[in-house]
Amino acid sequence: MAQYGSTVMPFLYPCLFRSSCRSTTSQSLQRLSTCAGRRSYQTSTFKSNPSLAEQNAHRKAVAYEPIGAAPTHNEARKRRLDPTPDDYARNIFVDKCLLTVHAGSGGNGCVSFHRDAVIQDGPPNGGDGGTGGNVWIQAVAGQTSLHKLARRGTLKGGRGISGQGKAQGGRKGEDICIQVPVGTVVREVWRSDPVADEEERLADLRALPPEERDLAEQESRGPRSNPWILYPGANHHEVREFGAGEFTPKPPKPRRSPLSALQPESPIRLDLDKPMDQPMLLAAGAVGGMGNPHFASKELPKPKYATKGELGIRLKFELELKLLADVGLVGLPNAGKSTLLRAISNSRTRVGDWAFTTLEPSVGTVVLDDNQGRPLVKSGIEGQGPRTNFTVADIPGLVEDAHLDKGLGLGFLRHVERARILAFVVDLSNGDPVGTLRSLWKEVAEYENLRNIEISEQTQTRAVEWTGFGTSSSSSPQPTPDPFDEDGQQMLMYPEPTKQLEPIKLPPVSAKPWFVIATKADKEETQDAFRSLQAYVAGVESGSVPHPSGRQNAWKARVAAIPVSAINGQGTDRIAQWTAGLLDSMQGAGLSSAIADPSAQRSRRTLE
Ligand SMILES: Nc1nc2c(ncn2[C@@H]2O[C@H](COP(=O)(O)OP(=O)(O)OP(=O)(O)O)[C@@H](O)[C@H]2O)c(=O)[nH]1
Ligand SMILES: [Mg+2]
């Protein structure tokens, strides 16, 4: 053996040299012959401790498996609907976030003088600064979560570029467009508007008697205390003279970009419940500073100063998804909601045979055409073209007393009221389906009660806090000095209110259209359970049985129980048809995303 030890033999024939320390050459050769012999009739099964060569041979055989062995379409579909617990795509979902936006500040004006071979000391020709970038917002179809914006936190419009010599104006700052999902409500939490603050300060000064003005002016100087830019070539004497006040010009009035007229009124409250063709202006960029030609006069034909650009407005918003999806799947844990979503859409939500597999809502899109414009389900109302898709949200399972925040409770019920239609998913193989449906409705109705109490309590609190006639209450925001902005200028900011914004008004849950999906119908002895469920639902529709929510005006115009076997993909087409029909009837009746919410009938408009 030692004679082979220093050669490449151990590398080429590892099985021969595995126990080189102990075995002899004859033993190894015998083993080699055994291995070879075995390989001839035992190719696919390993002995208890396979050699490296055998392992490699096996890997190769698997890699070159004949194409005929690939899973058939049905097998692939079955695998998709009954996946292993680790076969899922991670779903990131955020339905509420804070977002700060900064409109771009204006670029500075330029101090420059014409100079050429003939004219050594010509007239002023400094360009104006460019306007800051605007901030726009647009609701777009196809987005279902606010997680991207939540991660960014702050979005800034570009700063305007400063002006240059030869009367060259600075370039405008870059605009930004915030894209949000359809159904987002945007509410302003606070704002810092340096131009408005300056206007207010000047108005206060004007109201004072002239002898007090100078002192008050010194004390009340805000972020625009020094709006001037001096000529870089100015000598010490000129700088001192400028600062001494004798030659200090009157500060120009604060200016706004003409575009700011398109800004929504403060405080901004937008209900973006329809896809928008054009973005909408949220905050206009600040205007740029003025170049030195603006200050030329008969007395001072060559001014050596220009102004800085105005500071951009800063706004903090709370973004909240009012509409999660067209259909919300409501059911007990382990009822089969995620499997159903996989069966009707392209979703890869997690499926597992245990409760609370799903912990975050996940939204899937059900496509109603063959992606080439040919509808698979006849839908859509006249004059608006066929409906091509709708969205379904897989909401985590509800448990008994979820309305008391049991299980993963109230957070999930919050999602239920953000769907246009509720689809109650009932497992036919798990006890009495009618009892299950009633207990699900009970949780939903109790949650609605709680919300009504919460809203009325908040209204009372607001009524007590109101002090009237413009006098500020103790909780009203007071300006406090804040850190400096990117230019080293002090910004006036307002502390964030300690009180949260009031909850968004949503339509009552019991007023939403609903239907029942009876799943796991492939399991044995589920026919009787389905028949009893069907009879109950028919009773609710006809009015012979009270509505499971216990509400008088609850929706029951068109209820159905649809049996499906999600794991086999059977009966799921009917869900698409039924939902499309319900959406059409809602649209036809003018009940759009907000259903019965009267405050949201018009898109893109301010609330209240
Ligand atoms: N036989 C049968 N089993 C099903 C069917 N649908 C789902 N299952 C099984 O039921 C179990 C639970 O399915 P999930 O889709 O994870 O249930 P879920 O309602 O999303 O559960 P949570 O996320 O915990 O609320 C899994 O083992 C599925 O394979 C069905 O139609 N027939
Ligand atoms: Mg699930």
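What you're looking at is a predicted model. The protein chain runs to 608 residues, of which 36% count as buried. Along the way the chain forms 15 helices and 19 strands.

**Overall layout**

- Take the contacts in the protein chain with a separation of 6 or more: 77% of them link residues 24 or more positions apart.

**Strand 14 and its partners**

- Strand 14 covers residues 419-427, and nine of its nine residues are buried, so the rest of the structure largely encloses this strand.
- Strand 11 (residues 325-331) pairs with strand 14 in the parallel sense, over six bridges.
- In that pairing, leucine 329 sits opposite alanine 423 of strand 14.
- Strand 17 (residues 514-519) also runs parallel to strand 14, and six bridges join the two.
- Here leucine 422 is the residue that stands opposite tryptophan 514 of strand 17.
- As a bit of background, side chains in a regular strand alternate between the two faces of the sheet.

**Nonpolar cores**

- Which residues have the most contacts inside the largest nonpolar core? They are Leu329, Val330, Phe424 and Ile517, in a core of 91 residues.
- That core takes at least three residues from each of domain 2 (96-321) and domain 3 (325-453 + 504-598).
- Apart from it there is another core, this one of eight residues, including Val111, Ile229, Tyr231 and Phe295.
- Leucine 329 is worth a click: leaving aside neighbours within four places in sequence, its contacts include Lys337, Leu340 and Leu341. Val392, Ala393, Asp394 and Ile395 are also in contact with leucine 329, as are Ala423 and Val425.

**Around ligand 1**

- There are 25 residues around ligand 1, and Gly336, Ser338, Asp353, Thr358 and Gly397 come nearest.
- Which helix gives the largest share of the shell around ligand 1? Helix 11 (residues 337-344) does, with three residues.
- Sorted by class, the shell around ligand 1 holds eleven polar, eight nonpolar and six charged residues.

- First, some context: most residues other than glycine have a negative phi, and most peptide bonds are trans.
- Cis or trans, what is the peptide bond from serine 266 to proline 267? This bond is cis, with omega near -10°.
- Proline 267 belongs to the loop between helix 10 (236-244) and strand 7 (269-272).
- Lysine 166 isn't a glycine, yet has a positive phi of about 55°.
- You'll find lysine 166 in the loop between strand 3 (154-156) and strand 4 (176-181).
- Buried or exposed, how does lysine 166 count? Lysine 166 counts as exposed because it has 12 C-beta neighbours inside 10 Å, and the cut-off for exposed is 12 or fewer.
- Glutamate 525, another residue other than glycine, has a positive phi near 55°.
- Look for glutamate 525 in the loop between strand 17 and helix 14 (527-542).
- Glutamate 525 is exposed too, with 8 other C-beta atoms within 10 Å.

How values were computed. Residues numbered from 1 in each chain as written. Chains lettered and ligands numbered in written order. Predicted model: local features only at pLDDT ≥ 70, side-chain atom pairs only at ≥ 80, totals over all residues. Buried ≥ 20, exposed ≤ 12 C-beta atoms within 10 Å, placed from the backbone. Helix = DSSP H or I, 4+ residues; strand = E, 2+ residues; numbered from the N terminus. Pairing = 2+ DSSP bridges. Near = placed C-beta within 6 Å. Nonpolar A, V, L, I, M, F, W, Y, C, P; charged D, E, K, R; others polar. Core = buried A, V, L, I, M, F, W, Y, C linked by C-beta atoms within 7 Å. Domains from an automatic or database assignment. Contact = placed C-beta atoms within 7 Å.
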